[in-house]
Amino acid sequence: MPVVFDAGRRFDPHVPVLIIGAGACGLVAALAARDAGAEVLVVERDATPAGSTALSSGFIPAAHTRFQRERGIADSPERFASDIQRKNHGEADARLVEAVCRASGPTIEWLADRHGIEFVLVEGFLYPGHSVPRMHAVPEKTGAALMAALQRACTAAGVDLLTSARVTTLYADAARRVRGVELERPDGSSEAVGCDALVLACSGFGGNPDMVRQHIPEIASALYFGHAGNQGDAVRWGTALGAAVKDLTAYQGHGSVATPHGILITWALLMEGGIQVNADGARFSNEHAGYSEQCLPVLEQPGSVAWTVYDERLHRLGLEFEDYRQAHSLGAIKRGETIEALAVACGLPAAGLRATFADVERCAAAEARDRFGRDFTTKPRLAPPYYGVKVTGALFHTQGGLLVDERACVLDSRGLPFPNLFAGGGAACGLSGAHVWGYLSGNGLLSAVTLGRLAGRSAAMLGR
Ligand SMILES: Cc1cc2nc3c(=O)[nH]c(=O)nc-3n(C[C@H](O)[C@H](O)[C@H](O)COP(=O)(O)OP(=O)(O)OC[C@H]3O[C@@H](n4cnc5c(N)ncnc54)[C@H](O)[C@@H]3O)c2cc1C
């Protein structure tokens, strides 16, 4: 039973702020609640906190930060909001987008200055739809390193973390005030914990094939590349409580996961001049539209695969990324001194690949327009030696979820806030609208980190 309405049940222990899920959202919410003076308990189903956050590249977009200003980059919350809304064709709630964009810069600076998390600005390429560099990452540029930094900060801040504790049930009273939760231990035993405020930071439903089939059939047969523990609990509990859910059809896909190795190949290769071809050696899409929506055209190709093709310059760019280095060391990256040699290395028809290169050359020289609408004139032309990697499309995480307001408070279907229930990250409805193409790179961690802070702060007001 996901939610039990029981006003009489006694809870021991009782904590002021309870947070379900120890990914980026949960840990940032915990830091914010501690800063606001509340005692916090984070419960996490896994033995070691990781979530999709640890699988991610750890790139967090934020506007008008000192990291940007130090590099001479002019950005503003308004500009960021406009980039987000342009990508999703205005489908997201403009007020929430504005609130999150406004809070994004201060949140990164607070994590850096108050909690000692070192950030660098990611430069050298722009993801589709971002008008300026605004991705912030820890120096290692991995989600695992981001998680490690957040955990260190939580330990220093005195956040209590209970691992191997899967929350199964929420308890609420008739006024829909959450009173506590029941959690299950790996040995089958269960415990109950009461709370003054609850933050749902247990992400979306990407790890639940039935829910993906129900809400996003177009990606149901693809590889799920996110955290298996994200089973849609927030949506199930919220729905049972009468919360509004929105945009359950939205998700972050990706069109460049090395197969069969299962390693993310950075989209920077494509943004800086690389192309994608199918088993005929032919291009099939505008690779600059966005990596999220590119999952679908890749999956539509013969064998549901494509090859990302590039050159030595871009190979060197790729080597700046940990996952690319890993793919390289496992032999996923093929190399050829000529187009023909690359075709042999990748098992592609040389004539088809040669014809594609010739087409791209004509577009780069402005002698022809790309039939998919990509502009090839702004980046250096591909030059030998060439590289290629076989990739497939995947589901990274779901973007729909519980509707929240600017304080990250969960709303019911009439738009009224629940008394003590908050959500952020994959548990909340994101900023991408209802479609795969609405996802602007970074919308995932933006919502996790920024809404996480807002949720933790709001929850602390009820639990001090
Ligand atoms: C390969 C990959 C690369 C990505 N790269 C980026 C990127 O560079 N930038 C970006 O913005 N986004 C990126 N994303 C998306 C990003 O990872 C997610 O949007 C973000 O991590 C979500 O954070 P979260 O805290 O909401 O969820 P998570 O990090 O998934 O944490 C949720 C936690 O809740 C726990 N949990 C779930 N249910 C329960 C329960 N019932 N009881 C207790 N615990 C529970 C889970 O075990 C998990 O630890 C990427 C995703 C993938 C898969």
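Thr398 is buried, with a relative accessible area of 2%; buried means under 20% relative accessible area, exposed means over 50%, and partly exposed lies in between, with a 1.4 Å probe and protein chains only. The structure is a predicted model, in which local features need pLDDT of at least 70, side-chain atom pairs count only at pLDDT 80 or more, and totals for chains, interfaces and linings use all residues. Residues are numbered from 1 along each chain as its sequence is written, and side-chain values use heavy atoms, with hydrogens and water left out.

Thr398 belongs to strand β18. Helices (H or I, at least four residues) and strands (E, at least two) are DSSP runs, numbered from the N terminus. The Thr398 side chain reaches the backbone nitrogen of Phe205 at 3.0 Å. This is a polar contact, that is, a pair of N or O atoms within 3.5 Å; within protein, one must be able to donate a hydrogen and the other to accept it, and residues adjacent in sequence count only if both atoms are side-chain atoms. Apart from neighbours within four places in sequence, Thr398 is in contact (heavy atoms within 4.5 Å) with Gly204, Phe205, Gly206, Ile216, Ala250 and Tyr251.

The largest share comes from α2, with four residues. In total 41 residues surround the ligand, and the closest are Glu44, Ser52, Thr53, Asp233 and Leu445; a residue is counted here if one of its heavy atoms lies within 4 Å of the molecule. By type, the shell divides into 17 nonpolar, 19 polar and five charged residues. In this grouping Ala, Val, Leu, Ile, Met, Phe, Trp, Tyr, Cys and Pro are nonpolar, Asp, Glu, Lys and Arg are charged, and the others, Gly among them, are polar.

A polar backbone atom of Arg45 is 3.1 Å from a nitrogen atom of the ligand. An N or O atom in the side chain of Ser203 is 3.3 Å from a ligand oxygen atom, and a polar side-chain atom of Asn230 lies 2.8 Å from an oxygen atom of the ligand. Taken alone the ligand exposes 1000 Å², of which the protein buries 98%; the areas come from the Shrake-Rupley method with a 1.4 Å probe, and for residues only the protein chains shown count as cover.

Arg45 sits in the loop between β3 (40–43) and α2. Arg45 is partly exposed, with a relative accessible area of 34%. Its side chain reaches the backbone oxygen of Gly229 at 3.4 Å. Not counting residues up to four places away in sequence, Arg45 touches Ser164, Ala165, Arg166, Gly229 and Gln231.

Helix α8 has Asp233, Ala234, Val235, Trp237, Gly238 and Leu241 buried. Just after α8, Gly242 takes a positive phi of about 100°.

The whole structure has zero disulfides, a disulfide being a pair of cysteine sulfur atoms within 2.5 Å. For Cys202, the nearest cysteine sulfur is that of Cys25, 8.9 Å away. Cys202 counts as buried at 12% relative accessibility. For Cys429, the nearest cysteine sulfur is also that of Cys25, 14 Å away. Cys429 counts as buried at 5% relative accessibility.
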